[in-house]
Amino acid sequence: MSKTYEYVPEPALVKGNHDFKDITAMVTDINLRPTPTGWYIAFAISSLLLTVLLGSIAYLFWQGTGIWGLNSPAGWGWAIINFVWWVGIGHAGTLISAILFLFRQGWRTAINRFAEAMTIFAVMCAGIFPAIHVGRIWVIYWVFPVPNSMAMWPNFNSPLLWDVFAVSTYFTVSFLFWYVGLVPDFATIRDRIKSKFGKLIYGTFALGWRGSNRHWWNYEKSYMILAGLATPLVLSVHTIVSFDFAVSIIPGWHTTIFPPYFVAGAVFSGFAMVLTLMIICRKIYGLEDIMTVDHIEKMNIIILVTGSMVGFAYAMEFFIAWYSGVEYEKAIFILRATGPYAWAYWIMLTCNVFSPQFFWSKKLRRNVAFTFFISIVVNIGMWFERFVIAVTSLSTDYLPSSWGYYSPTFWDVATYIGTFGLFFTFFLLFLRFLPMVAVAELKGVLPQADPHNYNDKGEYVEPVVEIPEPYNKPS
Amino acid sequence: MAQIFPKWTNEAPRRILLGSIIILNAVVFSVWYFFSPEFTDVGYQPQQPVPFSHQVHAGQLGMDCQYCHTQVTESRYANIPATQTCMNCHNQIQTDSENLALVRESWETGEPIEWVRVHMLPDFAYFNHAAHVNVGVGCESCHGRIDRMEVVHQAMPLSMGWCLDCHREPEKHVRPVSEVTTMGYVAENQLELGRELVAKHNINAPTYCQSCHY
């Protein structure tokens, strides 16, 4: 019966025996060397898409929301779907940077900067939709509690208002968190860059960082405080987004499972998006030693867990619909699986519940190409999840006489595709001008950062760097 | 290494932060104050084609508002009187006054006088004079002391917040229906009288959106 357990060392978080100088060069040289042609091509494409976004928004303001496919039963369409989808994607960054930081998960340092940048840009894309969908954009300031001559005040009973505060708080805290982490790295680039103009710009953002003991002390404290602030936000934002649906009394929306189910789905899609971008960037920028296969495997495990949670939630929705005995609730779920939008429902189920199950296999978890494929499938699935939730419940609600079929118009699609332009424009600028890995933090998790220069008797010995091998040594 | 920034920049982040907070508050305050109808609209006093004096007619002569604005108890609008109403008296009084030339011309040709509207509500706000006048909202409550105005000007902001001030607490403003056109009316105990009148007329001033916007 007895079995002895051996200590299994964590595999090294950075491969390839790089020293500190190497790490600095690997990451910041990307910002310092001349812009590669490929970047210009990518930037041109994303700018073009951004123009599509701006054009469709301009046309929307000119014409009104009638240009979208909204109709009488389905008053919420792609705008809300895209909003929830982008906000969901924006969850991975803060989860990686704040929650994993508080749990002392050293592996997060390789991807946190990257994921946080993705978060910020995703939340920016998300924020566009609730703002532009209001119809009368010129009175959008009514969502803020500002004194005015109409004696009007936001309706604090409305989850839509909670949403405004939840998302804007999330954006602010994520942005600050990202920026605080960037300060030491800005200073690194300031010191390495040759051009005077570059020194001025990076120096401005470095806020006079000299790397003194006091600076580091302040940095660590503020980083810890921000992580503490951001942690509840990871859970609260998508909880409140789910309230947009759950607080109403539409069948299929009015369920208590929505908050945890939405948060799980958000983390699920966020990790998938980080993987999609990470797999491309580590290849292009040669950062495979930093963003290793071990990282991909760990993220795939999270995708498997959250994907199964989402699957459980889908099953539970059906169970409760039957168990509650509410006719409308039963009807909507039968309609979801068999009704006019059954195609969307089964796409959702295939992408979100079945596809991550491949990650039970360690081999597939560590397969980069397969992971890339699944990460895209997951994000397609999560988009369809929001589509199924928003559209099926609205288009087939209580009264069969008022049922209708919703389909998007050209402008719905153009706006959605356009947000990718916004996202990638910012993301490319990020890749070009900011260090995409937290250089200073990463050095802290190098094996070299933990040298044992003195033996048990207190005598100096030459530092020996031991790089633990992964548990399952590839044979 | 050479310094990139001069010494004063040490204080810059703090100053920028403080400055932005101050500027943001100043912007909110300025919009709230300077963009409100109380600032932009009160005192609007357009030139009228005929120098008609409310001070003389309503103040000095003590004519009742409803002598001219006849439909106020029945209609959404407190109508502008027809030229006929002016001529009731002015076919005998001041028949050759220079000031009344336009009135006589209108009377002869049948073309109405083009008075300039003073109190303008936006098209998206529904307002009904009859509904207010018939339950005891005095003329002066919204139009001010017309009996003291040589040329009529807008005395109240007519903003939504201003409407709501009364809709939320009508008992502070209503008066007996018989006193509606009285100028300078003061009740002995407004609150007591107001509560009585609110109960008597079953005043239930709505404050939901669709009561005025639909």
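**Exercise 1.** Determine how many residues of chain A and of chain B are in contact.

Solution. The criterion for contact is that the C-beta atoms of two residues, placed from the backbone, lie within 7 Å. By this criterion, 11 residues of chain A are in contact with 14 residues of chain B. The side of chain A that touches chain B divides into six nonpolar, four polar and one charged. Here Ala, Val, Leu, Ile, Met, Phe, Trp, Tyr, Cys and Pro count as nonpolar, Asp, Glu, Lys and Arg as charged, and the others, Gly among them, as polar.

The model is predicted: local features need pLDDT of at least 70, side-chain atom pairs count only at pLDDT 80 or more, and totals for chains, interfaces and linings use all residues. Residues are numbered from 1 along each chain as its sequence is written, while chains are lettered from A and ligands numbered from 1 in the order in which they are written.

**Exercise 2.** Classify the packing of H5(A) against H6(A) and state the handedness of the crossing.

Solution. Helices are DSSP runs (H or I, at least four residues), numbered from the N terminus. Helix H5 (residues 112-132) and helix H6 (residues 159-192) of chain A have axes that come within 10 Å and cross at roughly 155 degrees. The axes are lines fitted to C-alpha atoms over the stretch in contact, and angles run from 0 to 180 degrees between N-to-C directions. H5(A) is therefore roughly antiparallel to H6(A), since angles under 35 degrees count as roughly parallel, over 145 as roughly antiparallel, 65 to 115 as roughly perpendicular and the rest as oblique. The crossing is left-handed, that is, the near helix is turned anticlockwise from the far one by less than a right angle. The contact includes A:Ile120 and A:Val123 of H5(A), and A:Phe171 and A:Trp178 of H6(A). Its residues divide into 11 nonpolar, four polar and three charged.

**Exercise 3.** Classify the packing of H10(A) against H12(A).

Solution. Helix H10 (residues 293-324) and helix H12 (residues 342-354) of chain A pack at about 135 degrees, their axes 8 Å apart. H10(A) is therefore oblique to H12(A). On the H10(A) side the contact involves A:Gly307, A:Val310, A:Gly311 and A:Tyr314, which meet A:Leu349, A:Asn352 and A:Val353 in H12(A). These residues divide into four nonpolar, three polar and no charged.

**Exercise 4.** Identify which residues of the largest nonpolar core touch the most other members.

Solution. A nonpolar core is a set of buried Ala, Val, Leu, Ile, Met, Phe, Trp, Tyr and Cys residues joined through C-beta atoms within 7 Å. A residue is buried if 20 or more other C-beta atoms lie within 10 Å of its own, exposed if 12 or fewer, and partly exposed in between. Of the 126 residues in the largest core, A:Phe268, A:Phe271 and A:Val274 touch the most other members. Helix H9 (residues 258-284) of chain A contributes the largest share, 15 residues. Apart from this core lies another of 11 residues, including B:Ala58 and B:Leu197.

**Exercise 5.** Where are A:Ala151 and A:Leu207 found?

Solution. A:Ala151 is found in the loop between H5 and H6 of chain A, and its phi is near 55 degrees, a positive value in a residue other than glycine. A:Leu207 is found in the loop between helix H7 (196-206) and helix H8 (213-246) of chain A; phi of A:Leu207 is likewise near 55 degrees. A:Ala151 is partly exposed, with 16 other C-beta atoms within 10 Å.

How values were computed: Helices (H or I, at least four residues) and strands (E, at least two) are DSSP runs, numbered from the N terminus.
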